[in-house]
Structure formats: structure tokens, C-alpha cells
Amino acid sequence: MAYWNLLIYKTQAVLSAISRKVPTMSIFDKKILNYRNLESNLKIVKDKIGKPLSLTEKILYSHLEDPANQDIERGASYLKLRPDRVAMQDATAQMAMLQFISSGLEKVAVPTTIHCDHLIEAQIGGIEDLKRANIDNEEVFSFLKTASAKYGVGFWRPGSGIIHQIILENYAFPGLLMIGTDSHTSTGGGLGGLCIGVDGADAVDVMANFPWELKCPKIIGVHLTGKMKGWTTPKDVILKVADILTVKGGTGAVIEYHGPGVDNISCTGMATICNMGAEIGATTSLFPYNCRMADYLKATSRSYISEEAVKYSESLLTPDKGSNYDQLIELDLTSLEPHVNGPFTPDLAHPISKLGENAKKNDWPVEIKVGLIGSCINSSYEDMARCASIAREALAHGVKSKIPFNVTPGSEQIRATIERDGIAQILRDFGGTVLANACGPCIGQWDRKDVKKGEKNTIVSSYNRNFTGRNDANPATHTFVTSPEMVTALAIKARLDFDPTTESIKGADGKLFKLSDPFGDQLPYKGFDRGQDTYLAPLEDGSSVRVEVNPKSNRLQILKPFEAWDGKDFKNLIILIKVKGKCTTDHISAAGPWLKYRGHLDNISNNMFLTATNSENNEMNKVKNQKTGEWGGVPDTARAYKAEGLPWVVFGDENYGEGSSREHAALEPRHLGGRAVIVKSFSRIHETNLKKQGLLALTFADAKDYDKVQSSDRVSLIGLKQFTPGKPLKCILSHADGSSDEILLNHTFNEEQIEWFKSGSSLNRMKELQTAYNNDTHLIICF
């Protein structure tokens, strides 16, 4: 059956390409792949600028709404863009579709897809876990399915695979500008697209045919030379770049890889590198069009795209010679050593030769409890084949994984292909459990049983993110991220102080052997097996489809508009919490078991700031109610303030809101009565999310002023009537002893974003503009 699915799929793709004078963006789309128009737009900008352009600039400027009149200044101006498509995963799509429904529009304006990958918990194995997820999440999946049918959205059912792998296999292409409601949307950069993670409100803007706004990014160039060898993999490139730039070094910038070393990396390897760019705060990452991408397009039945792309390679899809980068990193692949990064942060890098020593020095558990490979960053055919080569050699010597070894295929296509080619069975023989084609443990969807919560332990994964409690909700779990090959090797000894590049293993016969360098085909020589058909195309006319939300549901909730600004300064705001240290979106709005409430704003708000550290007592989820003096949980205290009509403010540290694109981390504070978030610095996506929901996202003009803030202060924000771009706001900290401090707060609001604040949210503002447009149209018709 899988063979016939593949044959039909390939035949349709070929016939479709032949029948079109101009190819479409994918076999599922009607929108054409119009490189000619993009080239024409770019020429307008290039003639105006008169200098060589990077690949990032070419893709951005060719998608400008008004290229002739757009102001362009890196790091300063806001670009008005027209993305080619929108992609959403099921956890974020719930809120995005609820917002789109409230807009009153009949159909999405651009090609859009929803991918069911976040709500499947890893427990037993792929088949069992998927069956249980379909039952547990029937209400949510039904809502997304019917909403997709009604509003013209493609729907990938549970079991299809992870959004980023599906996009790479079917939708990404060189020169694409795509936004996705997940921070790892950047994976598409491995196929030469500019694919950017956003919040649901941004997605709604684009689906509603409004231009998408992005601050013109700075560009960090990574010049690659040499060729990887031995145990070094594409994952080690981004692990090293994370070491160089840190978790905030890419903020406000696109990471653009170039140089002769690029051609020595597979297309899926480039996707791996781009995926984890989210961990260094980058807007996105990408590679220039090359032969590796052409090979992948051909393998995924999209030769017609590569045939078009080659015509525009120089003008559109590669950087000009002499293009300028704001920062340049030189990286020699030949000398790059395998890395393992962690724990608790993805930028704490250790060459494998130093890992054991560093672990012992820092008192990290050296014994590894679980090994995990796959997920959206490292689940390609090449990844699985190379891991199987290690497992096969170990089995030949009578040894296998000493620990639970979980394997997450990235898509149904990958699962079906590795099953057909015997790779999955080798990994099972090695001791592996093949999980569902879903995110699973990578995002905390893991019913882990082998350790108790609070028990100090180590796990090693090929995932992208390793913040505290990220994978198993256990703050004592030390998670290290590395390549899937290294995870597989470490699982044999189950120790961090094992270096497979130099050390030997004792076989079942008592003899020592050393693992060979991993190897595997980049692409399956038999071609991909598409597996089961899991895609539902949108209806041509969805007007008859009914989308209903049960008012008594605890999973879905119709949104109510946030109140507009009352035109007055904010005075005597209570401080809900002054956060100390790292505060990711996981700290603000935890995932894992809370994912089930992503469509119900009030219920999910009960997870707000659960794992953020309170500077007043160095504890999590324990703050003082400044009215009663009682200590309580953060969400409970916020609800108490809201019930009394007492608006509040949050203070935070550096790179506040790093990590996931999770808009709930902005929606929840707004819903529970927050008015402003004041920090030393923001991550890009979260800062925009706060603005979109009508919150003031502000930064200390002097970072040392953070130390002036006392949890018992009352906070006044002065000058809101004169709120304008580039002009700081005045903040008065009124201390409990009667003294006060006056400080300045900076912001990055532009004129349109200030209107979001005044209207109460960007969605409110969008409705105002629609109403004004409809009224103007009515007047014109009447006239």
C-alpha cells in the first residue's frame, strides 16, 4: 500500500509539473512559484541601494509590500512584508484559529497549514501513544480539522509528523518567505528559505491579508570552510556557534551560512543547523541554494522547483560577492570537534574530549539514565542511517544500549522509509523504542517513569533545547544536547566520561573494540516511502462547515477582546514578581501537561510563572500578596489582584522570554491583569508577542536600575499620552519606606505598535481597521 501511495504521489507531482507553465509552490498549492516577480521587486530595491546584497536581504526585499518606498535600515526600520505561506502546529494553532475566527473573515488569504504534532505524549510506543492521543485530544483535533476545512487551511492529521519536517519535505523551497507559529520554523532555512517563528497574532495578520511587520534584521555571517570528518556532524556546527554567540547573541539578527564548506553538508544537515538557531535568539537562519538542495528537492518529487531555482540562483538565491555582514564568524569544519552542550542551557559547550572532566568538576551526574534521538532537529533519513551504523556494529559485538533509548521519527515519510529499509528494526534490536511521529519528549510530552521528580539525574538527547524541566518537568534533570550519533554511542556505556572517538568498548566476548566512524546515505537510494496518507486538503467552499466551541469545554474557549487603554498614565501598579535570572517562555508558560489547555486561555493561565525564580526569596511559584501580606502561588496572586481591580507589572532580567515562540507567555499576563513587563533585555519573538497583546514591553535605560526595584514597590509609568517611537517613558518606583527612585525605560514600539497598545491588542486594532475599511467601501458604493 505504501508503495502505491508513493507511486501515485510521484505521478501526480510529475503530471502537475508538466501541466503547469509556471510551477506552484507545492503539489498541494495553487499559488504559483513566481521567481520572476520576486526578481522584479528586488531590482527596485537594489537599484535604490546600489550595493551587493546578502541572501537574507534578497529574500526579504523581494517580498516587500512596497519596495519602491520602503525605508530600509538594518536594526532600525520596520519592513512591511508579504510572506508566501503560514504554518502552525496544533498547540499554537488553537489560539491562532480562535483569533482568526473572531476576525470575521471567511477564508485565509495565503496558503496555510496546521500540523498535529504537539499533543501526542510519549508513553509506550508510537502506535499505542497515537491511539491514546487521538482519544484524549478528540475535541481539539476536531476543532482544528473543521476550522481548517471551513477557512481554507491544509490539515495534517496526528501521526503525520513534526511540522518542521513536513514543511521541509513538502513546502520549503529556495527563496521562500514563510512565518510559522513555532520558534523552530527556521528549519526551512536548510532548503534556502527565510522561515521565521512568530506568534499566533502575527499569523492571523498574514492570514487576514495584512502585511507582516518585521524589524529589519542585522545579519551575522558564518563562513564555513573545510569538510567534516570522523564523528563530527552538522549538529556540531550549531553547537559551536551557540558556544560563540550564546543564547542571546543572535537576537535581532539572521544567521547566514556561506562559503565553500556549505557544499559539504547535506540539505537535512543544513536544516539541523538552522533549526537550532532559535536557541541563540536568531530571527532565523539560512543557507544559499546549492546542489545539495537540488538533490533533496528531486528526492521529494519537486524537481520542477529546482529547475526553476537554478535560473534565479545568482540573482535571487545566493548572496552577492562583497555582501556585507554585521558580524562574521569563521568556522573550519575540518578541525571542528564533536560537541555536547548543557546542562540547563544550550550554549554551555563541551568538546567530547572534555565532557567527562567538566561533568566531574561541576558535580553533574556522570551516569546517563536515558538516551533520546530524533525530533524536529535530527530525524532525517541520514541521521537515522548513521545511528543504525553504530547500533549495527555494537550488536555485532554483542552489546547494545544500557539505558532506555527513545527514537522519534520526524515524519510519517521518515518512519515508513526507515521501517522499509530495516533501520528501525536495527534501532529496536539495539534497545530502542520507536515513538510516534511527533514532538514527544523534546517538548515535555513524556510520561517518564524511571526517576522521581526532584531526583538528580542526567539524560542525553539530540534535541535542540535543554532548559530546566524542559523534557520531563523535573528541575533536577541535567539534559545535554548533542548529535544523534553521539547519543547512540554514549548509550552503550551510559556515561558522560566515555569518548567514542578515542576509547574502546568491551564486547560480549570480552575483547575490546572501537566504534567505527558513523556512516549512512544522505537520501534513500530506493526513494522515500510516503507511508500512510495523512493530509486533508481544504474545501473549495467551506461556508457550510460549522465550527463550534462548547461553552463548558475545559480545552477550548472563545476569546474576549482585551480592554483598550483608558488614556491615562499607569499609576501605583503592584509588582507581581521580580524575576531573577533566566526566564524563558517555559518559565512563564510551561508546556508538557499544560499543552492540553492551549486553546483555553483561562485554564492555561494557571501555569503562569510557575518555574520563574522570585528574587525576593529565591523560590519558584511563591510570591507575597502585597495587599494582604500572605504568600501564595503566582497565578493565584495574580487572580486575587485582578479580582480587586489592581493592575500589576513584572520585572525581569536579561534575554527575557527566550526559547519557544509561545504567545501564551504574553496572553496569560494580559488575561490576569498585567499591564507592563520591564526587563534588562528581551528575546525578539516574546517582545513582539507582548506588544501584540497590548502590554508595554519596556527595558531599563540603565540595566543597573533593576537593582533599585523592590518587590513591595508601587510602580508608576508616566508620559503615556506622549508615547512616541524612540522616546523613553518615565518610571517612578515608590518604595515602602516613603522614598522613591525615578528611572527611564526604553522601548522599541513604532507608531503602528503604539496603536496596538491604545486599542488593547493588535487584534482589536485589526478589527478597527477592517471596520473603517468596510465603512469607507460602503460610502464609495453609496456615492
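Biologist: Gln 413, buried or exposed?
Modeller: Gln 413 is buried, because its relative accessibility is 5% (buried is under 20% relative accessible area, exposed over 50%, partly exposed in between, with a 1.4 Å probe and protein chains only). This is a predicted model, with local features needing pLDDT of at least 70 and side-chain atom pairs pLDDT 80 or more, while totals for chains, interfaces and linings use all residues. Residues are numbered from 1 along each chain as its sequence is written, and side-chain values use heavy atoms, without hydrogens and water.

Biologist: What does the side chain of Gln 413 make a polar contact with?
Modeller: The side chain of Arg 530, at 3.2 Å (N or O atoms within 3.5 Å, one able to donate a hydrogen and the other to accept it; sequence neighbours count only through side-chain atoms on both sides).

Biologist: Which residues does Gln 413 touch, leaving out those up to four places away in sequence?
Modeller: Arg 530 again, plus Glu 169, Thr 300, Phe 528 and Asp 529 (heavy atoms within 4.5 Å).

Biologist: Switching topic. How many cavities of 30 Å³ or more?
Modeller: The count is 8 (a cavity is a set of points on a 1 Å grid where a 1.4 Å probe fits but cannot get out; lining residues have an atom within 4 Å of a point).

Biologist: What volume has the largest cavity, and what lines it?
Modeller: Its volume is about 170 Å³, taken as the space filled by probe spheres on the points. The lining has 21 residues, with His 118, Asp 182, His 184, Ile 443 and Arg 470 nearest the centre.

Biologist: And the second largest cavity?
Modeller: About 150 Å³, lined by 17 residues, including Ala 278 and Ile 685.

Note on methods
1 Å grid on protein atoms, 1.4 Å probe; cavity = no way out; pocket = protein on both sides within 12 Å on 5 of 7 lines; lining within 4 Å.
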